[in-house]
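This note sets out comments on the model shown below, as numbered points.

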Amino acid sequence: MPVFTDRLKVQFKPYSRPFLRPLHTSYGRWEIREGLMLRLRDRTGRLGWGEVAPLPWFGTETLQGAIDFMRSLDGEIALEQLWQIPDHLPCCQFAFESALRGLSERSEPPRISLEPARVAALLPAGDRAVAAWPAAWQRGHRTFKWKIGVFDSNLEWQWLEQLLQHLPANGRLRLDANGALTPDSCRGWLERCDRAGGRVEFLEQPLNSLAEMQAIAPKFRTLIALDESVTQFKQLQACLNAGWRGPVVLKPAIAGFPSRLQATIQAKKLDCVFSSVFETFVGQGAALALAAGAAPPAQRALGFGVDAWLEPLSNDWLERLWQQRF
Ligand SMILES: [Mg+2]
């Protein structure tokens with residue numbers, strides 16, 4: 001009889017979850033969130049769950065890349081092999097370490113539920129945001145994320161004015177440009193944000209160039225936050241080495257091994273905004289565990305206000321997924 005002291009059984013299932021309405025970002029239209037659910041089993045029968053939720057346009061592996069890796073394991077993984085999952089498979093690193101940490105007698109990971117006040121609600125791009133925020137406010141959200149750089153700046157500035165006209169003083173906007181602005185339009189946005197009476201929490205990734213953002217940031221009160229610049233762990237380190245001290249949006253599900261990320265957060269006392277990549281409760285639970293251990297200097301709302309965008313998951317979703325043939 002083989003003894004699996006340091007080997008874990010590996011099972012995985014692909015899932016796909018449609019958006020209720022396609023999501024428009026500066027990367028284009030997104031209709032279905034696809035990923036993998038991972039289940040590890042140790043020799044005592046304990047189960048651990050992980051989630052691979054790739055975002056290839058943020059530099060992660062593709063879904064197929066993750067499937068190929070899972071298949072290459074041939075049903076089991078040794079612990080030393082787990083810690084050697086290469087950096088070009090950051091979603092697999094996240095899934096395997098979360099599953100390892102989550103090993104327990106439970107048959108399924110717990111569902112998480114977050115107070116809306118702790119979560120930033122994602123508004124639709126364009127002028128639809130103006131009509132959409134009050135419903136999210138009613139649900140208890142106080143921080144709202146709006147994708148910008150999708151339409152002409154002059155149009156978006158008019159919609160920003162309309163948003164700010166009605167948003168109460170304790171409401172906060174996060175403007176996320178996904179790197180789509182020019183240095184000129186970035187300054188135009190920051191001037192308008194500075195006039196918003198502190199209601200714009202930050203302008204997220206206005207430009208692709210870190211150096212240009214570092215040159216512009218000190219001239220305005222409104223903070224610039226990095227997102228795309230820090231999606232890969234190596235990029236985060238490079239930005240910190242280049243002197244970045246502003247907020248950083250961290251997406252644990254695509255950032256590699258959680259323990260490595262956590263060590264950096266604590267060592268550098270990062271001002272973190274934890275964010276989802278439309279993963280399910282399995283990946284979100286692991287990401288939240290990381291956020292809870294980070295104790296950021298400013299308790300910023302979590303970027304997890306995404307469930308309303310996706311088809312709801314039934315209570316037996318995971319169980320049924322596990323019965324599916326693949
Ligand atoms: Mg972003």
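1. The centres of domain 1 and domain 2, taken over C-alpha atoms, are separated by 25 Å. Domain 1 comprises 7–110 + 313–323, and domain 2 covers 116–309; the domain bounds come from an automatic or database domain assignment.

2. The coordinates are those of a predicted model, in which local features need pLDDT of at least 70 and side-chain atom pairs count only at pLDDT 80 or more, while totals for chains, interfaces and linings use all residues. Residues are numbered from 1 along each chain as its sequence is written.

3. The contact between the domains involves 28 residues from domain 1 and 27 residues from domain 2; two residues are in contact if their C-beta atoms, placed from the backbone, lie within 7 Å. On the side of domain 1 that touches domain 2, at least two residues come from each of β1 (7–25), β2 (28–41), β3 (47–52) and α3 (90–101). Helices (H or I, at least four residues) and strands (E, at least two) are DSSP runs, numbered from the N terminus. The most is given by α3, with 6 residues.

4. By class, this side of domain 1 has 15 nonpolar, 9 polar and 4 charged residues. Ala, Val, Leu, Ile, Met, Phe, Trp, Tyr, Cys and Pro count as nonpolar, Asp, Glu, Lys and Arg as charged, and the others, Gly among them, as polar.

5. Helix α9 (residues 258–268) and helix α10 (residues 281–294) have axes that come within 10 Å and cross at roughly 20°. Axes are lines fitted to C-alpha atoms, for helices over the stretch in contact, and angles run from 0 to 180 degrees between N-to-C directions. The two helices, α9 and α10, are therefore roughly parallel to each other, a term for angles under 35 degrees.

6. Which residues of α9 and α10 meet? P258, L261, Q262 and I265 in α9 meet A286, L290, G293 and A294 in α10. The residues of this contact divide into 6 nonpolar, 2 polar and no charged.

7. An open sheet is formed by 6 strands in the order β9-β8-β7-β6-β5-β12, with parallel pairing; two strands pair if DSSP finds at least two bridges between them. Its edge strands, β9 (223–225) and β12 (302–305), each pair on one side only. Neighbouring strands of the sheet are turned by 35° against each other on average, direction ignored.

8. Within the sheet, strand β5 (residues 119–123) pairs with strand β6 (residues 143–147) in the parallel sense over 4 bridges. L122 stands opposite K145 in β6.

Note on methods
Angles under 35 degrees count as roughly parallel, over 145 as roughly antiparallel, 65 to 115 as roughly perpendicular and the rest as oblique.
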